[in-house]
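Keep the structure open beside you as you read.

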Amino acid sequence: MTGPFSLLVEPFAAYPFMARALGGAMLLALAACPVGVFLMLRRMSLTGDAMAHAILPGAAAGFLLFGLDIVPMTLGGLVAGVVVALAAGLVSRLTVQREDASLAAFYLISLALGVMLVSMRGSAVDLMHVLFGSVLALNDEALMLIGVIVALTLGALFAFWRALVAECMDPLFLRSVSRLGTPVHFLFLGLVVLNLVGGFIALGTLLAVGLMMLPAAAARFWTSRVETMCLVATGIGMAACYAGLLLSFHASLPSGPAIILVAGLAYFISLLAGPRGVVRQRALPHRHRVA
Amino acid sequence: MLNKAPAAPNAVEFADLTLGYGSHPAVHHLSGGVRRGSLTAIVGSNGSGKSTLLKGLVGILKPMSGAISMAAGQRLAYLPQQSELDRSFPARVLDLVALGLWSRRGLFGRHSKDDKARLMTALSAVGLEGFEDRAIDTLSGGQLQRALFARVLVQDADFILLDEPFNAIDAKTVADLIALIGRWHGESRTVMVVVHDLELVRQHFPDALLLARAPVAWGKTGDVLHPENLLKARNFREPWDDSAPWCGGPNAGHDHDHDHDHIHDHQHHRQRDHGHHHGHAAHHHAQEDVSAPPHQVQA
């Protein structure tokens, strides 16, 4: 009963809800982790958090109108996220205000609206559901939606890879050879919103950011190439989903936080042990070369 | 930059060009042309409009009034100031230089074997053989600038714009990069370089444009870097002035007419416009003048 199979595989083989949860979370990691890498490289790590808050009123509106139904809540979240991203981007491009400040303004307004909407009809339990999701309750519709989001994201990342890299590395150069700079920026914000919305179904608005950012931040300590970084982040993300769900199953812990905490553990390990981590860079007395 | 020889058409023409930010001009009423195949240093103090002019040329900044007319069919290469580059980005030297393939391959085009060979040739031309797999965050300032010049090489452009490429670069590297610029000049490419070191300009640049928001002088380097011109440029006040009066139009408030007579000579020569400045401006840029927001004159 306590062999490796029953410990590591059986929960997913024996319980369909666990298999769905694993499938959904793995899919999410596949798309959200590379997006997180680019967010981090663009020094927008906290933008994901702000956008996650911005999604709330849309999800709440969907919930108010249709109850706990995944599709309207998702579409509502998508609309709210896109509106906030576009508004913040436009304000920063048309005025002296920088994007971090305009985004802060819009997401806070959005968050307050969301909380107010939920409290108008729902209960604290409903709010908890919107904020923290439920990976164990993924139905076919939700899985399908996540699948579409992942396909769109990976397609866009492959298609615009070169522009995304150039826009991060040398934006002025990109503007000198192409008009893609601004469209790619907004496309990228769109991908962030899309993946947060996908993540919110499973992990809730708040923890969806965790799956996006923690593996990306961890991957930074392992490699100095962006391609490898995306792969490493995705690997860490998927491993965290698997290990987190197992932990949640065996120890009867809530699944979303378990996944994110495992990702957090991966971050700490990377921070300490990665080739670019703190131990190798600082603590170990190392010999130096002559050139 | 007199265009007396009719056989050398200009790579670009500025017609009463004003570029700037908000209502404040950074390049004020610039007219003239850049000869194809010429090598021009753009000089002037900080805030005198040098980088802004390059951004206008590349199309990153739209004119507030006036116009920039590029000769058709030219491929442009632009090297922004190093500070614009994110040096912490996780990429190899090869990835950075490969950005120069953009005009050839665009967003989707696969990099061919020839492209790879082109990248390696460019790296060896700037003295960075063996550096292709190095992470860019491990390069010294000079090595990074060499890599960026390799990117310009890969772009294989007819018109090359370099913004302060020698800032904080050691003498050996400057000499090597100057040699590359000389090679481009020898290949009849048009080159404009923002430079602060006037000695370097005197030695290596046949033409110079001295900016102090408005053009102070433009032509043969020896004439442009005349002490009288340099003094004029030095007296230019950098900070923009929110209480500056509104500029009455493209040619109003031309207290600097006498400073760049030859530029206007050239304009008249080219456009056969016998009216004074007001004449040609009104004639060629009536539309821009009407639609352009008013901007403030400064200093």
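## Where the chains meet

Across the interface of chain A and chain B, eleven residue pairs are in polar contact, both residues at pLDDT 80 or more. A polar contact here is a pair of N or O atoms within 3.5 Å; within protein, one must be able to donate a hydrogen and the other to accept it, and residues adjacent in sequence count only if both atoms are side-chain atoms. On the side of chain A that touches chain B, the elements giving two or more residues are helix 8 (140-169), helix 9 (171-177) and helix 11 (226-251) of chain A. Helix 8 of chain A gives the most, with eight residues. Sorted by class, that side of chain A has 16 nonpolar, three polar and seven charged residues. For this sorting, Ala, Val, Leu, Ile, Met, Phe, Trp, Tyr, Cys and Pro are nonpolar, Asp, Glu, Lys and Arg are charged, and the others, Gly among them, are polar.

Before going further, note that this is a predicted model: local features need pLDDT of at least 70, side-chain atom pairs count only at pLDDT 80 or more, and totals for chains, interfaces and linings use all residues. Residues are numbered from 1 along each chain as its sequence is written, chains are lettered from A and ligands numbered from 1 in the order in which they are written, and side-chain values use heavy atoms, with hydrogens and water left out.

## How much gets buried

The contact (heavy atoms within 4.5 Å) takes 26 residues from chain A and 30 residues from chain B. Together the two chains bury about 2,500 Å², with 63% of it on carbon and sulfur atoms; buried area is the accessible area (1.4 Å probe) that two parts lose on being put together, summed over both. In chain A, the residues losing the most area to chain B are A:Arg162, A:Met169 and A:Phe173, together 31% of what that side buries.

## Salt bridges

The rule (a side-chain nitrogen of Lys or Arg within 4 Å of a carboxyl oxygen of Asp or Glu) finds three salt bridges across the interface of chain A and chain B. One salt bridge pairs B:Arg151 with A:Asp170, their closest N and O atoms being 2.9 Å apart.

Over all chains the count comes to 19 salt bridges. Among them is A:Arg20 with A:Asp140, where the closest N and O atoms are 2.7 Å apart. A:Arg20 lies in helix 3 (residues 16-41) of chain A and A:Asp140 in helix 8 of chain A, so this pair ties together parts that are 120 residues apart in sequence.

## The six-stranded sheet

In chain B, six strands form an open, mixed sheet in the order 5-6-7-3-8-9. Helices (H or I, at least four residues) and strands (E, at least two) are DSSP runs numbered from the N terminus, and two strands pair if DSSP finds at least two bridges between them. Strand 5 (76-79) and strand 9 (214-220) of chain B are the edges, each pairing on one side only.

Strand 6 (residues 159-162) and strand 7 (residues 190-194) of chain B run parallel, joined by four bridges. In this pairing, B:Ile160 stands opposite B:Val191.

## The three-stranded sheet

Chain B also has an open antiparallel sheet of three strands, in the order 2-1-4. Strand 2 (24-35) and strand 4 (65-70) of chain B each have a single partner strand, so one side of each is left without a neighbour in the sheet. Five bridges join strand 1 (residues 10-21) to strand 4 of chain B, and B:Phe14 stands opposite B:Ile68 in strand 4 of chain B.
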